[in-house]
Amino acid sequence: MTRSCYRILENPSIGLQRYRLTREAVTHLLAAALLHCDRMFSATLKITQMLQHFEHVAPVFAQAVSLWAKEYGLKSLVGELLREIGQICPQDLAREASGVKGYATFISELAEQIPALVLSNMSVLLPHLDGESYTMRNAILAAMAEVLVQVLNGDQLEEAARGTRDKFLSMLQAHVCDVHSFVRSRVLQLFTRIVQHKALPLTQFQAVVSLAVGRLKDKSVLVVKNAVQLLAAFLSNNPFSSKLSWTALDEPLKKEVQKLKEMRDRSRPRAVAPVIAPEEEWEAMLPEVRAATQQLFQPLQEGEDEVLEVEETAERTVEQITGLLKKLNYKSAARLTQKALCRFQGKEPFVGPGEENEEATILGVLKRLYTGSCPGENSEDPPHDNSSDKIEEVVQEEQPQTELVKQEMLVHYLQDAYNFSVKMTEALNLISKMMYENSVSVVQEAIEFFVTVSQFGVPQALLGVRRMLPLIWSKETGIKEAVLSAYRQLYLSPSEDSKRAKAQALVHSLSLIMVDASLGMLQCLEEIISEFVQKDEIKPAVTQLLWERFTEKSPCSTLECRAAVMLLGMMARGKPEIIGTNLDILVTVGLSEKACEDYRLPQEVCSVISKLASNPKPALGKNSAPFRLPQNHVLFACLSETVSKGFAQPSSHWIPFMEAAVTLIYQMAEGAEEICADILHVCSQQALEKLQEADEQKADAGDSPHRVSDGSGSLSTFLLLHLMALVGQVALQQVVYLEVSVSAELRRRRLLKEEKTKKQSDTSTKKQRHQSTGNETTMEEELGLVGATADDTEAELIHSICETELLDGKHLLSAFVPLVLKICNNPGPHGDSALSAAAALTLGKLCMISSEFCDSHLRLLFTMMEKSPLPDVRSNLIIAAGDLAIRFPNLVEPWTSHLYARLRDPCPSVRQTAGLVLTLLILKDMVKVKGQVSEMATLLVDPEEAIVAVAQNFFGELASKGNAVYNLLPDIISHLSDPNSGIEEESFHTIMRHLFSYITKDKQTESLVEKLCQRFRTARTERQHRDLSHCLALLPVSERGLHKLQDNYDCFADKLQDPAVYNCFQTVLARFRRAGVKPEAKALAEELEQKLSASHKRGLDSTETCQDGSQTPKPAPAKRKPIGSSRRQPLSPANSDNDFVTPPSRILQNHKRAQKRPPRKKTVITFSSDEENNSEDELLAELREEETPTKTTPITRSSARRRR
């Protein structure tokens, strides 16, 4: 019967729900057999064997054994089974993994159902914790966790149970640092369960939190994910407080610690006896007292008088003697005692012990008086008073002791809470950096963690909440939804009751995020809010409150008013009618006379109104007219007036407002160029009036006539600054208006005309369509050709306007070009960095108009970019050059090397700007990267973290574009390993470590192995040898890669004498072995290792021989020379041209070719197996590096034009 039951349980489907009744019946049958037929031993063996061979029976037998132990009293079977599993050799389990999973599942399932019985037999399983099977370790640790949660939980545990609990917790903590990532991850999961069930003692909190914070740096993604979950569980179940701000806890902790110190100081004198007892003091002073007493029996010296007289009563005499002793007047005290013994014989305390020695009698009396042992002072006190005072004193002392204990407990509690908060703050800094990891699950856990942290009031949580904002643009749907869910929990679910209170809480929370937020962060927040608005998750009460704050119906500060406008603009992106229905309010309130007091509010108003132009309704159709307001609309009148009034006021916020106003006019106004021309005219008139006033004042003061005529010197700097900014913004927006708005309108009108013509044509030929199908097809093709030709015609029209009209003498902008050029060419006399930066930026914007103007002023622009001492000027010109590279790529291409040169600018802000601009240009394929991308790689070791982040983002985006990083790696290695590159060896290692992380394909790895080996032949310096070997050590070499090393062994065999090179190759082999290889590959690795070792020893021996001998000191380079020159053999005829006499005119014609030769002799690492024209590209790269001007003269472009 039992055999049949076991055969039934062997069925893989027995664990399914539909066989539940069969499973229960078999379980009860086996229980009866165990009880009545004494089948305990055979059942133990059978269950153990089945667990080894059938994984599916583990949960079935766990349920059955727990049933037998609970209902049938077969508790001894549990111990037998666990003992049988515990006696299995751990090494056998590591070799034969067939039964490990069954045993592990059985142990963990059994611990969940009968943890008390598992606890009593846990000792037999502990040897497996030191075994190699991580599955068994996980199962035993899970069993411990179940015991801790269900059995060893609570404050009422006995001493032995507490000891067992602490041992289990220590074992779990030890395995947080297990060698296997699955064990580390599982232990963190178990601790999460323990914390959630509040089974972790408070004394262990700090240790486990520290371990969890340490695991945040783990290499395993799974471990990091579970560490974040554990920290979130700690926060949700912490016993300290609902608010865990360490700054808020610091002050109460200091206060209570000071109070505890004061309480201890008050209780210390009562609890501690006098430091020095009177008897000890007497023993210390006895020699001096004895010497003074002995002087009493000597005759009086001359001049020494007896002045002491005994008092009338013995008590007063005692006081007199005691006072003399305290004053250290021992001789007078002894003499007075001698007299008192004669006068008060028989009276206390002057009663001698009957000794004949008078000296001993005096000393005895003095001792009794000093130590207070004389009973004469308190002889009148009743004897019972002393004991009652002691009882009262004990009662009074017990009460402060109780308060002291309570205070100590309070201080310990606050200290634990403070330490916990500090650890959580440390975890915040680490977790915030995980939001941009490649693992989606880790990012989601980090977001959830910051949601939990925010609910507990940790101040640093707001930084994490802001940091997750850019993730709204993530391509991963899970991450984007996690961000939306996080902000929904944090801001759309306030705890207030009324709608008004909820709206106020939401507005206040969002306003806090916007404080000191960058423009990028505000755009991310706008995306999130627009998502909520489109889904109607933001209630109308919020919109109503924002309008009340903006119109000052609800009292608020200026900052809150500005935040309300910004939030309205963000909501308008989802629903433009929020702004469209209240446009008059925005204009009358936002652009009123108060706007001149603070231009930041009207600037935000302009940005909000521009949402109407950038958010057209899709229902209107693609051929509908764009939304524009008439030229005489009150909005443009208010904008013109506000811009004109603020032109003559020295405000730092006027320029941003002016730029927003001009942009809004061009976006929404009919006849925008006329409105902006009027603004320019009015502002220019104001500048001229100010100039005339200044000149008249100087003329009245007696200035010379030439100072009066010097307009630029007489005009205020801020007026020039405002004028430059206004001219540049109008010029740029005019180009945008023509290229975007006018071009789109022309195309829209043409399409409408074509549709109308087509309809008329269709109506006239409807009856003859079946006869002229072929002709109609031809006509449609011709119409398509006409449409393409029309597009080109419209583009040519816009191009001709920009090239010939905007900067000719008739247009208003041309009047300001001389002034801009004068400030750019002579920045010294003006002496203002802001003016120089504005003039440089205006020059860049003017260059955007015309290719002819751009071509004639590029030399000035790039000279200023390189030579200007002002970082703002250089940054502005880098941005301008980036825009010009997109608009006129052929003009800017010869100057690309100068743009790359700014990556080594001494100013960090300039380097960061250059990195951002070049990132955009390279990713859009607007500039060449061959030969110069190594400059971007140097940013990976920049001292500034922000610049390093720019470089990492660049290479991350570049890696997503196919094999881009792989194709550029040879070029980067060639340039950075060059001794003249200025890159330190450690910095080179850091750069390569990051770049090689993008090499993931086996074919790429094999190709790079071959290229790097070939490169050893042309490498000339030991530094290059070490760099190449280090690159090889970074590659995960496969079996085919190892064959490549074997085939190219001769390339690097003579370099193995260098210990660094030899160690790198040893690293390659060690990593290859750890990957788990076949026996054939293992033999190949051993053979290669022997060859490496032999070459290394041979090289060392030859080096020692060269050092000992005196002849042929350098034999090795002589052998390598033909190898290195073999690649350059085709160039030898060119090198021989120097032997011929060349006419002078020939030299002048080939001056550029002569400049190219020195770089050809320069040692540059190149790869023989690169794609075609590799040598030509490297040659061009060298020329671009030398092209950077080193003098103050303007940059010449003759060579650049000729090369183009």
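How many aromatic pairs does the structure hold? The answer is 16, where rings of Phe, Tyr and Trp (its six-membered ring) pair if their centres lie within 6.5 Å.

## About the model

What you have here is a predicted model, in which local features need pLDDT of at least 70, side-chain atom pairs count only at pLDDT 80 or more, and totals for chains, interfaces and linings use all residues. Residues are numbered from 1 along each chain as its sequence is written, and side-chain values use heavy atoms, with hydrogens and water left out.

## Confidence along the chain

The pLDDT (the predictor's confidence in each residue, from 0 to 100) has a mean of 77 over the chain, and 79% of the residues reach 70 or more. Helices here are DSSP runs (H or I, at least four residues), as are strands (E, at least two), numbered from the N terminus.

Two stretches deserve a mention. Residues 703-713 stay under 50 in pLDDT and have 11 contacts beyond four places in sequence, a contact being heavy atoms within 4.5 Å. Residues 771-781 are also below 50, with 2 contacts beyond near neighbours in sequence. Where pLDDT is low, the predicted coordinates should not be read in detail.

## Aromatic rings

Phe 205 and Phe 420 form a tilted pair, 6.2 Å centre to centre with 55 degrees between the planes; planes under 30 degrees apart count as stacked, over 60 as edge-to-face and the rest as tilted. Phe 205 lies in helix α12 (residues 205-214) and Phe 420 in helix α19 (residues 384-432), so the pair ties together parts that are 215 residues apart in sequence. Phe 205 is buried at 7% relative accessible area, and Phe 420 is buried at 1%. Buried means under 20%, exposed over 50%, and partly exposed in between (1.4 Å probe, protein chains only).

One aromatic cluster is formed by Phe 1016, Tyr 1049, Phe 1052 and Phe 1065. Lys 1091 lies over the face of Tyr 1049, at 4.4 Å from the ring centre; the rule asks for NZ of Lys or CZ of Arg within 6 Å of the ring centre and within 35 degrees of the ring normal.

## Around Ser 981

Ser 981 sits in the loop between α47 (964-976) and α48 (985-995), and is buried, with a relative accessible area of 13%. A polar atom of the Ser 981 side chain lies 2.8 Å from the backbone oxygen of Asp 978.

Note on methods
Polar contact = N/O pair within 3.5 Å; in protein donor to acceptor, adjacent residues only side chain to side chain.
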